[in-house]
Amino acid sequence: MLQLLTAMHGPVVLYLPPDSDGHTPICVRRTDFHAGDGDVLAGQTAWHTEFWLAERFHVGLEDLDVGIDVRSAPAADRRSASLESSCGFRFTLRIESAQATTDLVEEAS
């Protein structure tokens, strides 16, 4: 999905804005993104896509494993300003406790 969006729009950024539900980042052109005070660069995904979090979401991030999934978007979400919505998809965060992941690895060994 990121490869397609980059081909269509140029470099893009994923951003979890302060007014979001905490699980649905938006995708915008890199040229249209301006980090706000307190926003943090949380990492980089495939296709050199930066992932930014609003200040209210990055507290306690060191104890979490965050993944980004692509899902089908309900028809109502397809009018969103997020770039992937026009393709019928949306990005969602998969958030897991780093401790839970460590526990699973230890149990499996």
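Reader: Which residue is the bridge partner of Tyr15 in β2?

Author: The bridge partner of Tyr15 in β2 is Ile26; strands here are DSSP runs of E with at least two residues, and helices are runs of H or I with at least four, numbered from the N terminus. This is a predicted model, in which local features need pLDDT of at least 70, side-chain atom pairs count only at pLDDT 80 or more, and totals for chains, interfaces and linings use all residues. Residues are numbered from 1 along each chain as its sequence is written, and side-chain values use heavy atoms, with hydrogens and water left out.

Reader: And how many bridges join β1 to β2?

Author: Four bridges join β1, residues 12–16, to β2, and the two strands run antiparallel; strands pair if DSSP finds at least two bridges between them.

Reader: What order do the strands take in the sheet?

Author: The sheet is open, with four strands in the order β2-β1-β4-β3 and mixed pairing. Its edge strands are β2 (26–29) and β3 (40–45), each of which pairs on one side only.

Reader: Which strands does helix α1 touch?

Author: Helix α1, residues 2–9, packs on the sheet and touches β1, β2, β3 and β4 (49–53), where contact means heavy atoms within 4.5 Å.

Reader: Switching to Ser20, is that buried or exposed?

Author: Ser20 counts as buried because its relative accessibility is 15%; buried means under 20% relative accessible area, exposed over 50%, and partly exposed in between, with a 1.4 Å probe and protein chains only. Ser20 is found in the loop between β1 and β2.

Reader: What is Ser20 in contact with?

Author: Leaving aside neighbours within four places in sequence, Ser20 is in contact with Arg56 and Phe57.

Methods
Axes are lines fitted to C-alpha atoms, for helices over the stretch in contact, and angles run from 0 to 180 degrees between N-to-C directions.
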